[in-house]
Amino acid sequence: MFEPLENADTTVAALLFLVYWFIGYRIGQLANLSPLDAQRSARRILAWIRVGFGLFVLRLASIGWLWTYGWDFAENRVWVSLPLVTLPLVAVVIWSMPRLRRIVGGSDVDRLDPKLVVPAQVMAVGGLLTVWVGFVSRPVPPHFDDLLTHGGPLVLVTALLWLRQFRRKAVTRSMRARVLTAVAGFVAIIGLITGSIIYGLSASRLPDHMSMMDHNLVDYGGGLPTSHSARTSVDTLTGPRDLAPDKTFTVTAEAAKIQLSSGRTLDGWTYNGGTPGPEIRVKEGDLVEIKLINKLPDVNVTLHWHGLDVPNAEDGVAGLTQDAVPNGGSHTYRFRAEQVGSFWYHTHQASSEAVVKGLFGSLIVEPRDKPAVEDIAVMSHVWHVGDEQVSAFGTKDTLERKRIKPGTPVLIRLTNTGVNPADDIISTQFVLSGTPFRVTAIDGTPVNGPTELHDTLMELANGGRYDLSFTMPDGPVRLADLNAPDAGLLLEPNDGGPVPALPEEPPAFDPLSYGTPTTTKINAGTNFDRRFKLIMDDGLNFHDGVFGLLPMINGTQFPDTPTLMVRENEVIQTTLINRSHEVHPMHLHGHHALVLSRNGVPSTGSPWWTDTLDVRPGEIFEIAFVADNPGVWMDHCHNLEHARNGMVMHLAYEGVTSPYHVGHKSGNQPE
Ligand code: C2O
Ligand code: CU
């Protein structure tokens, strides 16, 4: 509901602008009419002003409704938009309306009086500025600068209109002159818009070279300022380097033709010739060494261990923790697999293109004494085949059948590696049917006391993971991605039975209340050292040569986004507020965060630890984490398109610096 409401509010703002623009025009024309015509026109104008009032009241209602989602969703409308239209409206009421009534009553009124004419025109400008607020500028608190950027233009335009009206004489212009002015005005506006777009596209281009340490905006979250004086380079924050590894892997990035099970083919990028890449499966506590070799012509690559909180230097972020590996180069990663669970790896170089093309694979850390289960990793991906977006499990975009003996314990490790195709409002939706099951882990962290679920809709963030556990029943079990319901995975006790139907409108799984509570090292009552507030918006904007409705964090885009500064061992609280029109799967590297509440409702189930959290439009999440992994970390939206379009920030520990550079000529482009 939030998203249509948000759109309705901006639509009413646009209508308010149009109606007052029309009124302003008609009031301006009064002076050119005969007294009788003016009388008639004034009556109609008064009627239109009443329509305008109606719209204003509607606007108050929509803002009030937005407020019910939380003050954060209404505050910029209240502080910035309302004054822009309320003040001129007051002037309309106390100056214009009495004069209009006198004209209607036949009295002699100076129809060139600025007090009669200008308020409605200013109201139109104010209305336009509120459309700007809703659609383009999306102001965030504190609003001092908005006084200048939004109030300033209104004051200036008022002065100009007043001056113009003050010096104006009554004239009757010929039709031809009026058409000419209108055409000239139209051409000027189109020219201005085209000019600003061309300028914006080139001016928004990111620099060729830029240090990730150039923090334009530093956020201390209300805690003590930190300094960079200690100067530890991220390069020193490595995994164990001198011990012999327990497991070694070699992963080679190379181009390959990818064939989906339907027969569709595409030119992809792979690790070791296939995609998903080789499954990296290790045991808890293993010292893992992975050598990355790049054989992709003209494409740089890295390996990032999504969800595994490795030391900073092993995190694989191009331009932040390493230089991306060029063609012919290699890079060796080493870390101890300390968390047990389901993770995945992918390149963190030009990821919005490269991950989509196939540079990812699954990373599984098994417990030392692993129970005997049928362990199935499912990587749900969206392939771009020409203009078509194809949802698949790995490369299977048709139904895959797998035979499993009844009574076998099954663990499905479901990972969402794709960027949603059709509808960005919802995360990817999966349904597991045919058996009761439990969600035994979320984002690689076990759920405490998971309860049994039946026919449940599983919404999974891009980058997120669910472990689904059950005992194979006597009948078939079906896992489907609702974007491609005919594909999916069918587990069956015998070969070739009919495909069971999917449940209609299954209830949605909600991690906020799922499982059993237990004590955690931090909770809502913790004394937090810092509190960060991240407001996500979207507006018509430019970023690095792209123009469109682009995402913003606290009114900014990378590299102007805030860098969250912390000290080691501090406890941090973060509030994520989504005022935009799309879901944002927010992913903080190097840490797992505990969800404290959603929309003010505290978490009541198992502690919900997450590394990739879907924040939907109209939602507010409070999360907390312990700053226990020093470094400079990526914190970004895992809709990789959004990351590409500037939805990226950093979490930086006091004293840690990165020697690497990003930018078009640096070879490093993490997003
Ligand atoms: Cu899955 Cu910053 O990444
Ligand atoms: Cu996003």
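Author: Let's begin with accessibility: a residue is buried when its relative accessible area is under 20%, exposed when over 50%, and partly exposed in between, using a 1.4 Å probe and protein chains only. By that scale tryptophan 48, with 34% relative accessibility, is partly exposed, and so is phenylalanine 22 at 29%. This is a predicted model, in which local features need pLDDT of at least 70 and side-chain atom pairs pLDDT 80 or more, while totals for chains, interfaces and linings use all residues; side-chain values rest on heavy atoms, leaving out hydrogens and water. Residues count from 1 along each chain as its sequence is written, with chains lettered from A and ligands numbered from 1 in the order in which they are written.

Now for the rings. Phe, Tyr and Trp rings (for Trp, the six-membered one) pair if their centres lie within 6.5 Å; planes under 30 degrees apart are stacked, over 60 edge-to-face, and the rest tilted. The model has 18 such aromatic pairs. One of them joins phenylalanine 22 and tryptophan 48: their ring centres are 5.2 Å apart and their planes stand at 75 degrees, so the pair is edge-to-face. Because phenylalanine 22 sits in helix H1 (residues 2–29) and tryptophan 48 in helix H2 (residues 35–67), the pair ties together parts 26 residues apart in sequence. Helices (H or I, at least four residues) and strands (E, at least two) are DSSP runs, numbered from the N terminus.

H1 also meets helix H3 (residues 71–104): their axes come within 13 Å and cross at roughly 25 degrees. Axes here are lines fitted to C-alpha atoms, for helices over the stretch in contact, with angles from 0 to 180 degrees between N-to-C directions. H1 is therefore roughly parallel to H3, a label for angles under 35 degrees; over 145 is roughly antiparallel, 65 to 115 roughly perpendicular, and the rest oblique. Residues in contact (heavy atoms within 4.5 Å) include Phe2, Leu16 and Tyr20 of H1, and Phe73, Val85 and Leu89 of H3.

Finally, the copper ion (ligand 2). His584 (ND1), Cys637 (SG) and His642 (ND1) are its protein donors, 2.0 to 2.1 Å away. Donors are N, O and S atoms within 2.8 Å of the metal (3.2 Å for Na, K and Ca), and sites may look incomplete because water is not among the atoms. Along the chain the donors are spaced H-x52-C-x4-H. Histidine 584 is in strand S27 (residues 584–588) and histidine 642 in helix H8 (residues 640–644), so this pair links parts 58 residues apart in sequence. Histidine 584 is buried at 0% relative accessibility, and histidine 642 is buried at 5%.
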